[in-house]
Amino acid sequence: MILDPEFASFARLMDSLSPWLDQVVIIGGWAHRLYRFHPSAQRLDYPSLSTLDTDVAVPARIAVQKQDIHERLIANGFREEFLGNNRPPATHYHLGSEKSGFYAEFLTPLTGSAHTRSGRSNATVRIGGVSSQKLRHIEILLNAPWHVELSDTEGFPSVQTVRVQIASPVGFMAQKILIHQKRSPSERAKDILYLHDTLQLFGSRLPELRSEWLSYVKPQLHVKSAAMVERAPGVLFGTVSNSIRSAALMATGRVLSPEAIRESCQFGLMRILQ
């Protein structure tokens, strides 16, 4: 039985990416959904946050043999939607003909300047045949990823088990903290709910998450970025903010107060980061 309508679409994407599943990492909202299938995750009595897009982190270089990623996506029914004026253009890879449906986008680390010496934007690059957006802090999501094994037992429509790499929960939360100020108000609120729910999922494993922070995530951050993450329990969750209030309103189907979000996030992040 398929858990939700988007799972079949996600399975189609994983089939398209099957030659590179040991190199790419699922990040963003779909990583958060897949955390529930990890052996360390606790069972929660509310559904995961939904998202139409799948963010796929790719390294700067990826091996291509017979078909590249673009060719496999097209063969599996995906189509391109080009956005903006960059070269190559930012691209959403939609499954099917409906613009409002499931789509994937590819992201890769931005290193150095956001512009070339000639003044052109350094926002996109073609990797493995697909257009990938360059963003800050993607490298912490590619480093030391976790993985989940998906099969028909979990409602994954596949005849065999598929091993999918996902961003580690600590990298996921650290990246959300680092980009917080650059997000829109609605995105900030949803990111806070992502932080809350991730801490709920792995609440019994906080010492292990602290070990991940110290061993894998913190060492690859600039000292200023690491300090920003470590200040988050006080800066983001010292008081109830408008973003926290909006996050509580987004938590449909459950009773969750702004103060409960603030308290849970501050406690969990302090145990991991300080």
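Q: Is asparagine 76 buried or exposed?
A: Asparagine 76 is buried, with a relative accessible area of 17%; buried means under 20% relative accessible area, exposed over 50%, and partly exposed in between, with a 1.4 Å probe and protein chains only. The model is predicted: local features need pLDDT of at least 70, side-chain atom pairs count only at pLDDT 80 or more, and totals for chains, interfaces and linings use all residues. Residues are numbered from 1 along each chain as its sequence is written, and side-chain values use heavy atoms, with hydrogens and water left out.

Q: Where does asparagine 76 lie, and which residues is it in contact with, leaving aside neighbours within four places in sequence?
A: Helices (H or I, at least four residues) and strands (E, at least two) are DSSP runs, numbered from the N terminus. Asparagine 76 lies in the loop between helix H3 (69-75) and strand S3 (78-83). Contact means heavy atoms within 4.5 Å; with neighbours within four places in sequence left aside, the contacts of asparagine 76 are Arg12, Asp15, Ser16 and Leu95.

Q: What about alanine 75?
A: Alanine 75 is in helix H3 and counts as exposed, at 61% relative accessibility.

Q: How many residues does helix H6 have, and what span should they give?
A: The expected span of a helix is 1.5 Å times one less than its number of residues. H6 (residues 185-201) has 17 residues and should span 24 Å; its end C-alpha atoms are 24 Å apart, which agrees.

Q: Which helices do the buried residues of H6 pack against?
A: They pack against helix H2 (28-34), helix H5 (169-178), helix H7 (206-217), helix H10 (242-250) and helix H11 (258-273). The buried residues of H6 include Ala189, Asp191, Leu195 and His196.

Q: How many salt bridges are there?
A: A salt bridge is a side-chain nitrogen of Lys or Arg within 4 Å of a carboxyl oxygen of Asp or Glu. By this rule there are 7. One of them joins the side chains of aspartate 191 and lysine 176, at 3.1 Å from N to O. Aspartate 191 lies in H6 and lysine 176 in H5, so the pair ties together parts that are 15 residues apart in sequence. Aspartate 191 is buried at 1% relative accessibility, and lysine 176 is buried at 7%.

Q: Which residue does glutamate 187 bridge to, and which does glutamate 230?
A: Glutamate 187 pairs with arginine 183, with the closest N and O atoms 3.8 Å apart. Glutamate 187 is partly exposed at 32%, and arginine 183 is partly exposed at 24%. Glutamate 230 pairs with lysine 218, where the closest N and O atoms are 2.9 Å apart. Glutamate 230 lies in helix H8 (residues 223-230) and lysine 218 in the loop between H7 and H8, so this pair ties together parts that are 12 residues apart in sequence. Salt bridges that share partners also join Lys176, Arg183, Glu187 and Asp191 into one network.

Q: What is the volume of the largest pocket?
A: On a 1 Å grid over the protein atoms alone, a pocket is an open set of points where a 1.4 Å probe fits, with protein on both sides within 12 Å along at least five of seven lines; lining residues have an atom within 4 Å of a point. Grid points are joined across faces, edges and corners, and a volume is the space filled by probe spheres set on the points. Here the largest pocket has a volume of about 930 Å³. It is lined by 36 residues, of which Gln175, Ile179, His180, Arg183 and Asp191 are the closest to its centre.

Q: How does strand S7 pair with S5 and with S6?
A: Two strands pair if DSSP finds at least two bridges between them. S5 (residues 103-109) and S7 (residues 130-135) run parallel and are joined by 4 bridges, with threonine 108 opposite lysine 134. S6 (residues 124-127) and S7 are antiparallel over 4 bridges, and threonine 124 stands opposite glutamine 133.

Q: Which residues are joined by a cis peptide bond?
A: Arginine 87 and proline 88 are joined by one, with omega about 0°. Proline 88 lies in the loop between S3 and strand S4 (90-95).
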